[in-house]
Structure formats: C-alpha cells, structure tokens
Amino acid sequence: VQLQASGGGLVQPGGSLRLSCAASGSIFSINAMGWYRQAPGKQRELVARITSGGSTNYADSVKGRFTISRDNAKNTVYLQMNSLRPEDTAVYYCNANIFSYGGNSYRDYWGQGTLVTVSS
C-alpha cells in the first residue's frame, strides 16, 4: 500500500492550493483519511480528517479556510486550502487508515509529504 501526495508549491498570502493524495496497492478497505502538517521546528499536527462516512473535523487554525473531501471510488483524499497565510507554511502529509488484503487489522499509512510555502 502506498500514498502519493501532490499539489504543494509556492503561493502568495491569500491564495489557494489544492492537495491530493491517492492510495494504491492491495487495499481492502479505507477508514479515515486525513492531512497533517509539520512546520520547521514544530511537531506534526492534525490539519483535517474525514471518515469513510464523510464526517470531518478540522484544526481550529484552518476552520473556514480549508476543506477536506474524498473520492472513495478513487481512494483519494483532497485538501482545498483557501486564504492561505504565511503560518500555513509546512510540509503536508496525508494519512489513511487502511485494511489491506492479507492484513488482519487496520493500520495507518503515510504519504511522502508535500511542501506548501506561503510567501510574498
């Protein structure tokens, strides 16, 4: 099982970016999917999370600006980021709780990280 993230880059304050993360491999079922971020010198933190049923939760710092969604048919999770601020600069990691064929329980998988830089 692999998670492939894409969509990061450099954007000016107030701008928008959309991150994507596709899960592939021997996947039987995917539970929750989410995005985390880690800024330089800081711990990794949860940005947003979405369950298989579509329930979402967000970090307070991104509520009203970021939207998480998923396409279950494509095993893909998205993060639409609007009104970006310099403090949103970080490496963004996708995460998925997956039951793989041959496995005996759900386990967490991580993408490789994609850098988002918000700067003028």
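The model is predicted, so local features need pLDDT of at least 70 and side-chain atom pairs count only at pLDDT 80 or more, while totals for chains, interfaces and linings use all residues. Residues are numbered from 1 along each chain as its sequence is written, and side-chain values use heavy atoms, with hydrogens and water left out.

**Strands around β4**

- Strand β4 (residues 27-38) pairs with strand β9 (residues 90-100) in the antiparallel sense over nine bridges; strands (E, at least two residues) are DSSP runs, numbered from the N terminus, and two of them pair if DSSP finds at least two bridges between them.
- Within that pairing, Ile30 has Ile98 in β9 as its bridge partner.
- β4 also pairs with strand β5 (residues 45-50), again antiparallel, over five bridges, and here Trp35 stands opposite Ala48.
- β4 and β5 make a hairpin with six residues between them, and Gly41 in the turn has a positive phi of about 75°.

**The disulfide**

- There's one disulfide by the rule used here, namely a pair of cysteine sulfur atoms within 2.5 Å.
- Cys21 and Cys94 form that disulfide, with sulfur atoms 2.1 Å apart, and the link is right-handed, at 50° about the S-S bond.
- Cys21 sits in strand β3 (residues 17-24) and Cys94 in β9, so the pair ties together parts 73 residues apart in sequence.
- Cys21 and Cys94 are both buried (under 20% relative accessible area; exposed is over 50%, partly exposed in between; 1.4 Å probe, protein chains only).

**Rings and charges**

- The count is four aromatic pairs, meaning rings of Phe, Tyr and Trp (its six-membered ring) with centres within 6.5 Å; planes under 30 degrees apart are stacked, over 60 edge-to-face and the rest tilted.
- Phe28 and Phe99 have ring centres 6.0 Å apart and planes at 65°, so they go down as edge-to-face.
- Phe28 is in β4 and Phe99 in β9, so this pair links parts 71 residues apart in sequence.
- Phe28 is exposed at 55% relative accessible area, while Phe99 is partly exposed at 22%.
- Phe28, Phe99, Tyr101 and Tyr106 form one aromatic cluster.
- Arg18 lies over the face of Tyr78, 4.1 Å from the ring centre, and Arg44 over that of Trp110, at 4.8 Å; the rule wants NZ of Lys or CZ of Arg within 6 Å of the ring centre and within 35 degrees of the ring normal.

**Gln2**

- Gln2 is in strand β1 (residues 2-6) and is exposed, with a relative accessible area of 58%.
- Leaving out residues up to four places away in sequence, Gln2 touches Ala22, Ala23 and Ser24 (heavy atoms within 4.5 Å).

Technical notes
Helix = DSSP H or I, 4+ residues; strand = E, 2+ residues; numbered from the N terminus.
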